[in-house]
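Reader: I've got this one open on my screen and would like to talk it through. Could you walk me through the ligand site and then the chains?

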Amino acid sequence: MHEWALAESILSTTLEEAEKEKLKTIDEIKIGIGELQQIERDIFEFALEEIIKSKDNKLKNVKISIETEKSTLKCKSCEHTWKFSDMKKKLNEDESEAIHFIPEVAFVHTRCPKCGSPDFEITTGRGVSIISIKGKR
Amino acid sequence: MEARVSIIKKRLRSIKRIISVASGKGGVGKSLVASTLALNLAEKGHKVGLLDLDLYGPSSHIILGVKDVFPGEKKGIVPPKIHGIEFMSIIYFTEDKPSAFRGIDITNIIIELLAITQWGPLDYLIIDMPPGIGDETLDVIRFIKKSEFLVVTTPSKVAISAICKLLKILRELKIPVIGLLENMKMAESSIIEDTVAEIGVPFIGSIFFDKNLEDAIGIGDLLLKTKFMEELDDNLKKINL
Ligand SMILES: Nc1ncnc2c1ncn2[C@@H]1O[C@H](COP(=O)(O)OP(=O)(O)O)[C@@H](O)[C@H]1O
Ligand SMILES: [Mg+2]
Ligand SMILES: [Zn+2]
């Protein structure tokens with residue numbers, strides 16, 4: 001259930017932005033979830049709904065859309081690029097769970113499939129992010 | 001858009017004091033001071049958390065003898081209690097394998113840990129810092145606005161030069177510094193005390209090299225009985241801890 005903490009941070013950021021932009025109502029939030037973090041979508045959506053119910057009414061009629069982003073990784077040594085879906089099978093349950101909590105431990109538990117280097121980067125699809133917020137002044 | 005930073009304030013709201021144990025140098029005893037400080041305060045009946053932010057070289061878990069535990073999950077991750085201390089470290093997620101991270105990854109890990117960790121109400125959160133003035137130090141300053149610093153050095157010209165740089169930058173950024181603790185002292189000398197007097201940072205006191213300390217590493221109950229702990233406690237009294 002650490003999805004709850006992430007949902008909470010999304011909504012807290014949204015309300016902070018709305019405050020900055022002087023929005024009276026928030027109509028839409030587009031959320032990106034990176035594949036690497038392996039968010040349980042049902043739990044995440046449930047958490048968003050529950051928190052919205054308990055928050056101020058700026059969010060009352062908000063529409064939430066969630067896009068899943070493919071994770072791509074790129075080796076800094078040999079420039080090879082690959083997808084998280086290719087390497088997922090090789091991870092055991094504990095490693096997979098660790099990456100779910102802290103996506104960067106992918107550097108600890110996996111290697112570049114081509115040259116074996118631990119020095120690669122997450123180019124897309126790391127974790128949760130806000131793509132856009134729409135509202136009225 | 002970065003969506004995790006804004007919740008950090010809330011996660012730290014129920015913590016009364018945050019003390020980062022830092023140094024310009026490695027190997028001066030930061031992890032030992034941070035872990036034993038946490039033990040000492042917990043023993044006195046305070047509610048204490050310990051966060052190991054030395055992501056390449058975590059050591060607090062070795063000093064406290066943390067084994068076979070994993071955080072619970074409740075609206076975030078809940079740090080396991082070790083000798084009454086709520087303990088959070090990257091080791092739960094790395095299985096203590098070698099961790100090679102670049103700066104941006106370090107920052108991401110710190111944000112993630114701060115955003116998802118659900119600390120209980122704490123009197124003190126102690127942070128075990130890596131050496132130097134790198135990403136971790138800057139991130140603690142950026143994200144943990146209420147952190148104070150406790151700086152550790154050894155009585156060495158090499159160490160004190162690096163420590164002065166850290167102290168100067170903390171002062172420039174107006175970050176509260178509780179004081180400087182001299183550790184692993186072997187002989188009487190006032191070089192550290194004199195040097196900090198020049199930059200105007202409080203000198204707390206000294207802890208001598210404890211040749212029996214190694215036997216207590218990994219065993220909380222023994223750590224409480226060391227000469228090191230006795231001297232640490234004397235120093236803590238001077239700063240009302
Ligand atoms: N006062 C002391 N007496 C004996 N050993 C000490 C003392 N202070 C630190 N040590 C030992 O020195 C080593 C380095 O300490 P550590 O806390 O890991 O340093 P740092 O975190 O600054 O890199 C450890 O083995 C620790 O147990
Ligand atoms: Mg250390
Ligand atoms: Zn490669």
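Reader: How far is a backbone N or O atom of Gly27(B) from an oxygen atom of ligand 1?

Author: This is a predicted model, so to speak only of what was computed: local features need pLDDT of at least 70, side-chain atom pairs count only at pLDDT 80 or more, totals for chains, interfaces and linings use all residues, and side-chain values use heavy atoms, with hydrogens and water left out. Residues are numbered from 1 along each chain as its sequence is written, with chains lettered from A and ligands numbered from 1 in the order in which they are written. A polar contact here is a pair of N or O atoms within 3.5 Å (within protein, one must be able to donate a hydrogen and the other to accept it, and residues adjacent in sequence count only if both atoms are side-chain atoms). For Gly27(B), the distance to the ligand 1 oxygen is 2.7 Å.

Reader: Which residue has a backbone N or O atom 2.9 Å from an oxygen atom of ligand 1?

Author: Ser31(B) has a polar backbone atom 2.9 Å from an oxygen of ligand 1. A backbone N or O atom at 2.9 Å from a ligand 1 oxygen also belongs to Leu32(B).

Reader: How much of the accessible area of ligand 1 does the protein cover?

Author: Accessible areas come from the Shrake-Rupley method with a 1.4 Å probe. On its own, ligand 1 has 560 Å², and the protein covers 80%.

Reader: Which element gives the largest share of the shell around ligand 1?

Author: The shell has 15 residues (a heavy atom within 4 Å). Helix H2 (30-43) and strand S9 (177-185) of chain B each give two or more; helices are DSSP runs of H or I with at least four residues, strands runs of E with at least two. The largest share, 3 residues, is from H2(B).
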